Amino acid sequence: MKKGAIAAIVLSCVVGAGALTYAGVSWATTANTLGMYKTQLEYVYQRNLYELTDNINNIESNLSKLEVSTDKNVQSKYLSNIVALANTAQDNIATLPIEHNAINDTTTFVNQLSGFCLVLQQDLIDGDEISMDDMDQIAALHESSQNIKYELNRLVVLVSTDYSIVDHVKDPNKDTSDFNNQFNGLNNDIVEYPQLIYDGPFSDSVTNKEIKGLSENEINATEALNRVKEWFVGYEVTQNGETNGKFETFNFMISKGDENYFAQVTKRDGILLQLNSGYEAGSAVKSEDECRTAAETFAKSIGFTDVRAVWSTVSEGFAYVNLCSIQNDVIVYPDMIKVKVACDTGNIVGWEAQSWAYNHTERKNLSPAIDEIEARAALTMDVDVRTVKLAIIPNDYVGETLCYEFMCVSGGSTYYIYVNADTGQQVNILKVVETDDGNLLM
């Protein structure tokens with residue numbers, strides 16, 4: 001594994017292993033091509049709904065355990081779990097085909113929950129205890145999560161019958177879709193949302209978060225189709241509707257032989273936002289380095305010229321590669337693209353560029369106020385520094401920080417220690433953890 005940098009989702013306050021995993025699309029076999037495409041789009045929508053429901057179920061479970069826990073280490077574990085789950089739930093919400101005013105209260109709740117738990121975590125690190133007022137807040141959050149859980153599980157039961165999300169996403173005779181209306185229970189008296197004492201990270205929520213990486217220039221459906229054909233030469237490309245959410249996209253089905261993909265191209269600027277496939281990898285032929293190169297080459301071929309592979313891990317026949325924007329030799333972690341590469345063919349079978357689309361801008365003032373020697377003073381003498389790089393990392397709450405990234409080894413473990421390049425203070429430490437599903441940063 002290349003240990004050149006940090007996993008994106010960890011640096012955006014998500015500490016879960018699932019963020020490096022791309023769920024594939026299971027391709028239905030049918031004589032009707034359009035029917036097959038509709039089936040795959042339905043799968044994408046259902047997958048996001050199921051994942052959102054699962055994340056909320058787990059949030060509710062962790063909050064219930066937190067209510068009765070008195071041990072600081074155990075409390076910290078549950079708080080960490082909730083932060084990871086809440087951040088993943090935000091991504092699920094952003095990719096559902098609904099008008100976000102139908103779920104805005106829930107989105108705000110999830111964002112503030114994440115921020116609130118991060119503050120409690122820091123209090124525990126500082127030696128404080130969770131106060132009685134905070135426990136009252138946790139009880140209120142638990143009650144709300146139970147009601148949200150009930151509503152979402154009701155939707156899952158509905159979808160698990162013969163209800164098709166695709167068929168209920170848009171009705172030209174109505175101002176809003178039936179699927180959109182199914183979420184109304186989350187914004188009325190069924191769910192009472194507590195007023196948190198802390199207004200959490202990105203408190204204006206995913207629905208109102210500014211998209212910095214895309215201009216206001218829009219392309220039409222024909223232009224989008226032509227771009228996909230240029231990106232996937234030799235493949236059959238068919239347009240498969242549009243998605244109107246936080247990111248408005250043109251959707252496409254891409255196929256050649258046994259290869260089938262679902263792709264989304266943004267209307268603004270026409271970038272590849274997402275690519276999914278149900279491809280099952282055979283025996284590995286390509287090395288991890290070759291897969292990293294394949295990810296970089298593909299990115300450049302579709303217009304992402306300033307990105308570089310900064311992290312990779314291999315699991316079950318696939319390489320998961322994180323690409324980041326590089327500006328003046330500084331790694332910009334908020335501008336992250338996650339790529340899934342098949343180790344048998346070297347083909348790109350998964351792509352997700354939402355973080356890049358949200359955050360990519362030309363950064364200024366990339367010169368550190370202190371030099372590397374001064375920054376090293378923040379490290380303990382017990383670490384063996386292997387590499388040093390400049391990097392921009394997202395703050396816990398709002399904004400970004402220019403840091404020195406020290407990749408170190410201590411006691412047989414690998415750590416990434418981040419030191420503020422202006423103040424010389426440590427701002428983050430991450431540890432490489434080896435698992436059966438690859439290496440993770442926590």
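Me: Is Lys149 buried, partly exposed or exposed?

Reply: Burial is judged by relative accessible area: buried is under 20%, exposed is over 50%, and partly exposed lies in between (1.4 Å probe, protein chains only). Lys149 has a relative accessible area of 28% and is therefore partly exposed. Glu60, at 10%, is buried. The model is a predicted one, in which local features need pLDDT of at least 70 and side-chain atom pairs count only at pLDDT 80 or more, while totals for chains, interfaces and linings use all residues. Residues are numbered from 1 along each chain as its sequence is written, and side-chain values use heavy atoms, with hydrogens and water left out.

Me: With which residue does Lys149 form a salt bridge?

Reply: A salt bridge requires a side-chain nitrogen of Lys or Arg within 4 Å of a carboxyl oxygen of Asp or Glu. Lys149 forms one with Glu60, and the closest N and O atoms are 3.2 Å apart. Lys149 belongs to helix 5 and Glu60 to helix 2 (residues 33-68), so the pair ties together parts that are 89 residues apart in sequence. Helices here are DSSP runs of H or I with at least four residues, strands are runs of E with at least two, and both are numbered from the N terminus.

Me: How many salt bridges does the structure hold?

Reply: The structure holds nine salt bridges. One of them joins the side chains of Asp335 and Arg363, at 2.6 Å from N to O. Asp335 is in strand 7 (residues 330-342) and Arg363 in the loop between helix 10 (354-359) and helix 11 (372-376), 28 residues apart. Asp335 is buried, with a relative accessible area of 0%, and Arg363 is buried as well, at 9%. A network of salt bridges links Asp335, Arg363 and Glu400.

Me: Where do Arg268 and Glu216 lie?

Reply: Their side chains meet in a salt bridge of 3.3 Å, N to O. Arg268 lies in the loop between strand 3 (259-266) and strand 4 (272-277), and Glu216 in the loop between helix 7 (205-208) and helix 8 (221-231), so the pair ties together parts that are 52 residues apart in sequence. Glu216 counts as exposed, at 63% relative accessibility.

Me: At roughly what angle do helix 3 and helix 4 cross?

Reply: Axes are lines fitted to C-alpha atoms, for helices over the stretch in contact, and angles run from 0 to 180 degrees between N-to-C directions. The axes of helix 3 (residues 72-94) and helix 4 come within 9 Å and cross at roughly 155°. Helix 3 is therefore roughly antiparallel to helix 4; angles over 145 degrees count as roughly antiparallel, under 35 as roughly parallel, 65 to 115 as roughly perpendicular and the rest as oblique. The residues of this contact divide into 12 nonpolar, nine polar and one charged.

Me: Which residues of helix 4 meet helix 5?

Reply: Contact means heavy atoms within 4.5 Å. Thr106, Phe109, Leu113, Phe116 and Leu120 of helix 4 meet residues of helix 5, including Ile138, Leu141 and Ile148. The axes of helix 4 (residues 104-125) and helix 5 (residues 132-159) come within 12 Å and cross at roughly 145°.

How values were computed: Ala, Val, Leu, Ile, Met, Phe, Trp, Tyr, Cys and Pro count as nonpolar, Asp, Glu, Lys and Arg as charged, and the others, Gly among them, as polar.
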